[in-house]
Amino acid sequence: MDPNYRAFSKIFEAFRLSDPAEKEGGKKDDQKKVVNKKPEVKDSALDTKMEEDDEEVKPPESDQPKLSKKKLRKMNRLSVAELKQLVPRPDVVEMHDVTAHDPKLLVFLKSCRNTVPVPRHWCFKRKYLQGKRGIVKPAFDLPEFIKKTGIMEMREAMQEKEEQKTLKAKMREKVRPKMGKINIDYQKLHDAFFRWQTKPKMSIHGDLYYEGKEFETKLKEKKPGDLSDDLKTALGMPTGQGSHLVPPPWLIAMQRYGPPPSYPNLKIAGLNAPIPEGASFGYHAGGWGKPPVDETGRPLYGDVFGVQSLDANEDVDEEGVERQPWGELESEEESEEESEEESSEEEEDHTGLITPADTGLVTPSGLTSIPAGMETPDMIELRKKKSIEEAMETGAEQPSLYTMLQEKRSNVGGAMMGSSHVYEIPGVTPATAKKAGGGAAEGIEVALDPSELELEPAAMQARYEEQMKERESQIQKEDLSDMVAEHAAKQKKRKKATDSGKAAKKYKEFKF
């Protein structure tokens with residue numbers, strides 16, 4: 001037999017999980033049969049008192065040894081190692097979980113999310129908080145935002161006055177007490193509770209209190225690698241100016257055994273990060289040891305020499321980087337040159353070199369990826385219309401882009417917003433012209449009888465002026481009535497808004 005096999009078999013035999021009954025002789029084998037028959041015992045027997053546990057249970061065969069119920073339960077109980085192997089969350093298993101009626105269910109409930117654990121002091125023999133006897137409890141301290149109101153100074157002044165009073169004055173005040181001795185401004189109280197109030201420190205969900213928890217150091221503000229002055233003093237390191245040039249005492253051990261496995265991304269100077277300027281490697285006083293390197297001289301754990309960062313900056317290709325200002329305005333000459341270049345490019349494109357539509361947008365499977373109606377046309381006209389080009393070449397008249405209208409002075413008249421000048425629009429007569437202020441050319445209809453058709457020009461002019469006066473007076477009346485009505489409506493609306501604003505202001509004045 002191979003000696004290695006014999007050595008390994010002994011090791012596996014030593015670590016094999018086995019009942020103590022197997023290590024004994026045949027008597028123990030018979031005893032194991034009795035253990036297997038244990039489920040026949042009623043469940044009520046497990047819940048009996050300690051006195052009944054000590055009672056002996058006689059097996060059916062007279063030759064077997066007598067076992068108590070307590071011993072039977074102990075023999076059937078799982079060990080902590082076995083329970084940890086059976087459950088998916090072995091980290092929540094505790095030494096007393098194996099004594100439960102159903103250990104697997106207990107561990108499952110403990111491993112559920114948002115489960116609040118049972119306080120640890122349930123299994124302690126000493127009473128809860130008995131260890132805090134003799135500790136002087138600190139007095140209650142008011143929060144900072146309440147102190148700012150000045151209530152503490154007012155109370156101290158009140159207490160001093162009370163001490164100076166005689167017994168007779170105190171008895172008189174009991175009968176007829178004075179109210180309003182401490183008056184604080186309501187604005188200060190409002191600001192204290194609604195502007196400067198801070199939340200008290202509260203524990204998170206599932207966080208249980210235990211003895212001495214308030215005396216523990218809170219490590220939220222502490223970070224690995226940062227050395228405070230207290231820690232430097234405790235380690236015998238210098239503090240103050242130039243203290244960063246002295247290495248920590250654990251650096252030599254880390255260079256020998258490697259960085260801490262719990263913090264793989266932690267940068268440690270002298271191990272995986274360059275040392276500060278002014279410091280030097282070596283084992284002399286203030287030296288940073290020897291950096292860990294391989295056979296070729298390259299660092300094992302990181303850029304301890306500070307070379308990789310320099311190489312990375314040099315590798316950046318700066319040829320394609322434009323260094324000119326990108327927001328600079330172009331001059332007119334450059335824009336004209338660009339427009340000429342574009343026009344020349346358009347002329348070159350007009351030579352007939354057109355991308356065929358069938359070859360460019362066809363998928364390998366033969367199905368075109370363009371919807372119907374979106375095909376590329378055979379010819380794209382980029383130049384101006386031929387009619388304009390022909391007119392430019394022949395020198396013929398081009399269609400005018402705009403027409404200058406002649407300005408004409410006119411009377412404003414009785415209208416409110418009349419214009420003092422109008423424009424003559426070709427093809428538009430005064431009768432068909434639209435109203436454009438009071439002074440615009442407008443056709444006035446004059447009612448005439450058939451007998452008055454043969455009037456003289458002076459009589460016709462007098463009749464026209466009379467009709468104009470009537471119309472102007474009518475327009476003026478209408479305009480004035482509209483203006484008065486509009487003005488009255490505005491005044492009413494303004495008054496209503498001011499009244500509602502005053503009422504709202506009354507309610508807003510009281511803030512607290």
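Reader: Of the 13 residues of helix 1, what is the number buried?

Author: Please bear in mind that this is a predicted model. A residue counts as buried when its relative accessible area is under 20%. In helix 1 the number of buried residues is 0, so the helix lies largely in the open.

Reader: Which residues form a nonpolar patch on the surface?

Author: The patch consists of Phe-8, Ile-11, Phe-12 and Phe-15, which together have about 530 Å² of accessible area. Phe-8 is located in helix 1. With a relative accessible area of 51%, Phe-8 is exposed, because the cut-off for that class is over 50%.

Reader: Let us turn to charged side chains. How many salt bridges does a search of the whole structure find?

Author: Side chains of opposite charge can pair when their charged atoms come close. In this structure, the search finds 15 salt bridges. One of them joins Glu-94 to Arg-120, with the closest N and O atoms 3.0 Å apart. This pair links distant parts of the chain, 26 residues apart. Glu-94 is in the loop between helix 6 (80-86) and helix 7 (103-110), while Arg-120 is in the loop between helix 7 and helix 8 (144-147).

Reader: Are Glu-94 and Arg-120 partly exposed or exposed?

Author: Glu-94, at 22% relative accessibility, is partly exposed. Arg-120 has a relative accessible area of 55% and is exposed.

Reader: Which residues are linked with Glu-94 and Arg-120 in a network of salt bridges?

Author: The network also includes Asp-97 and Lys-110.

Reader: How many residues apart are Glu-486 and Lys-490 in helix 18?

Author: An α-helix has 3.6 residues a turn, so residues three or four places apart point the same way. Glu-486 and Lys-490 are 4 residues apart in helix 18 (residues 457-509), which means that about one helical turn separates them. Their side chains meet in a salt bridge of 4.0 Å, N to O. Glu-486 is partly exposed at 47% relative accessibility, and Lys-490 is partly exposed at 48%.

Reader: With which residue does Lys-165 form a salt bridge?

Author: The partner of Lys-165 is Glu-162, and their closest N and O atoms are 3.7 Å apart. Lys-165 is partly exposed, at a relative accessible area of 27%. Glu-162 is likewise partly exposed, at 27% relative accessibility.

Conventions: Residues numbered from 1 in each chain as written. Predicted model: local features only at pLDDT ≥ 70, side-chain atom pairs only at ≥ 80, totals over all residues. Heavy atoms only, no water. Helix = DSSP H or I, 4+ residues; strand = E, 2+ residues; numbered from the N terminus. Buried < 20%, exposed > 50% of the residue type's maximum accessible area, 1.4 Å probe, protein only. Patch = residues over 30% accessible without salt bridge, like charges linked within 9 Å, V, L, I, M, F, W, Y side chains within 5 Å. Areas by Shrake-Rupley, 256 points an atom, 1.4 Å probe, with all protein chains shown as cover.
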